[in-house]
Number of protein chains: 2
Amino acid sequence: MTAVNGVGELTVEPPQERGDAARNRLRLLDAARTLIAERGTDAVSMDDIAAAAGVGKGTVFRRFGSRAGLMMVLLDEDERAMQQAVLFGPPPLGPEAPPLQRLLAFGRERLRFVDTHRELLSEANRDPDARYNAPFAVMHTHVRVLLDAAGSTGDLAAQADALLALLDADYVTRQLVDGGRTLDTLGAAWESVARKLCGK
Amino acid sequence: MTAVNGVGELTVEPPQERGDAARNRLRLLDAARTLIAERGTDAVSMDDIAAAAGVGKGTVFRRFGSRAGLMMVLLDEDERAMQQAVLFGPPPLGPEAPPLQRLLAFGRERLRFVDTHRELLSEANRDPDARYNAPFAVMHTHVRVLLDAAGSTGDLAAQADALLALLDADYVTRQLVDGGRTLDTLGAAWESVARKLCGK
């Protein structure tokens, strides 16, 4: 992903401006992450982010188009970071850990991810095509392969679908908000079902 | 459920009209069921239903308000019929069959139900509160109780959530339309996961 916007603005800018734009972009994303971690997504406005990054509000909109645009960039970057951690990172998420341990770690890690991004993920769920997008397909393969390696048998694709439903943004939100659950008890529930499927 | 409409029209009608209204209502619902079974939901219009029932189109709208209103009545009646069959009907759905057999039969029966009503159920899914409505709670309890009786252990509520995700209208539609699955292979997938959870 580059800082080039929808109309290709940066391709005609002089080098100095390109550097400023990239720096502003990073500064805004860092500010957004810090504020969201402190207050939760709902309590962070574009004004807050601009002020924390020390740039004008116009710059935020020039870089990201809208609040949803900025959130989408954060979601996308975190999605890539998680894929990296799963494929190449250290245990227990990464390939050096035993398959069942990786599977359990994946559930807990994804629950934290969903909690951070649940506003945008729930919005995406309103569109059935967005619900089953490329990241979903990657997760589905990952879970299926781990179920296989951890010794499960039977319809592994259906088992992966059933397990991933416990990480769905609407499901997680409902359990956290109305069901009185925590990320920890949801992680334990995921672990219980995953172990059951692997017979362990 | 009575034939009284939203503005209480029937309470001021003479007995003869009330009888006609009830008869028309039943005739329209029968016609709608027959046409949907023949052609699928998508290919049935209000005009078709009125013509098949031998009443004017105005009567259909007076009785049900809209196409969605008629479909909602069909959904509601089928939902009640399925609840009756599950609670009091003959095996394998009803209480005389062993728990695992009831669980497997429930999955296959619900897949047929979802296939018949998937248009309306998918629409309801756009609203997260409607997704987890009263019928969902009844199904969840039913599946949880059967998992317990069939010998599963661990977090049975999470297992029920995972299993019910395989019967979700959007999931089923996607598997049937884009995934090249059939109600039969989806029934086999449900059976595979259910057996796995029960260790059988």
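What percentage of the 200 residues of chain A count as buried? The share is 48%, where buried means under 20% relative accessible area, exposed over 50% and partly exposed in between (1.4 Å probe, protein chains only).

This is a predicted model, in which local features need pLDDT of at least 70, side-chain atom pairs count only at pLDDT 80 or more, and totals for chains, interfaces and linings use all residues. Residues are numbered from 1 along each chain as its sequence is written, chains are lettered from A and ligands numbered from 1 in the order in which they are written, and side-chain values use heavy atoms, without hydrogens and water.

**Figure 1. Chain A and its helices.**
Chain A holds 11 helices and 0 strands. Helices (H or I, at least four residues) and strands (E, at least two) are DSSP runs, numbered from the N terminus. Along the principal axes, the C-alpha atoms of chain A fill a box of roughly 60 × 35 × 30 Å. Take the contacts in chain A with a separation of 6 or more: 62% of them come from residues 24 or more positions apart. Contact means heavy atoms within 4.5 Å.

**Figure 2. The charged side chains of chain A.**
Chain A carries 24 positive and 28 negative side chains. Lys and Arg count as positive, Asp and Glu as negative; His and the chain ends are not counted. The centres of the two sets lie 3 Å apart. Each charge is placed at NZ of Lys, CZ of Arg, CG of Asp or CD of Glu.

**Figure 3. The aromatic pair in chain A.**
A pair of aromatic rings is described by the distance of the centres and the angle of the planes. Over all chains, the whole structure has 2 aromatic pairs. In the pair of A:Phe106 and A:Trp190, the ring centres are 6.3 Å apart and the planes stand at 55°, so the pair is tilted. Rings of Phe, Tyr and Trp (its six-membered ring) pair if their centres lie within 6.5 Å; planes under 30 degrees apart count as stacked, over 60 as edge-to-face and the rest as tilted. A:Phe106 sits in helix α5 (residues 99-116) of chain A and A:Trp190 in helix α11 (residues 183-198), 84 residues apart. Both A:Phe106 and A:Trp190 are buried.

**Figure 4. The aromatic pair in chain B.**
B:Phe106 and B:Trp190 have ring centres 6.3 Å apart and planes at 55°, so this pair is tilted. B:Phe106 is buried, with a relative accessible area of 2%. B:Trp190 is buried at 1% relative accessibility.

**Figure 5. Two copies and their axis.**

**Figure 6. The cis peptide bonds.**
Most peptide bonds are trans. The bond joining A:Pro91 and A:Pro92 is cis, with omega about 5°. A:Pro92 lies in the loop between α4 (67-88) and α5 of chain A. From B:Pro91 to B:Pro92 the peptide bond is also cis, with omega near 5°.

**Figure 7. A:Gln175 and its contacts.**
A:Gln175 belongs to helix α10 (residues 169-177) of chain A. A:Gln175 is buried, with a relative accessible area of 10%. Leaving aside neighbours within four places in sequence, the contacts of A:Gln175 include A:Arg181 and B:Asp161.
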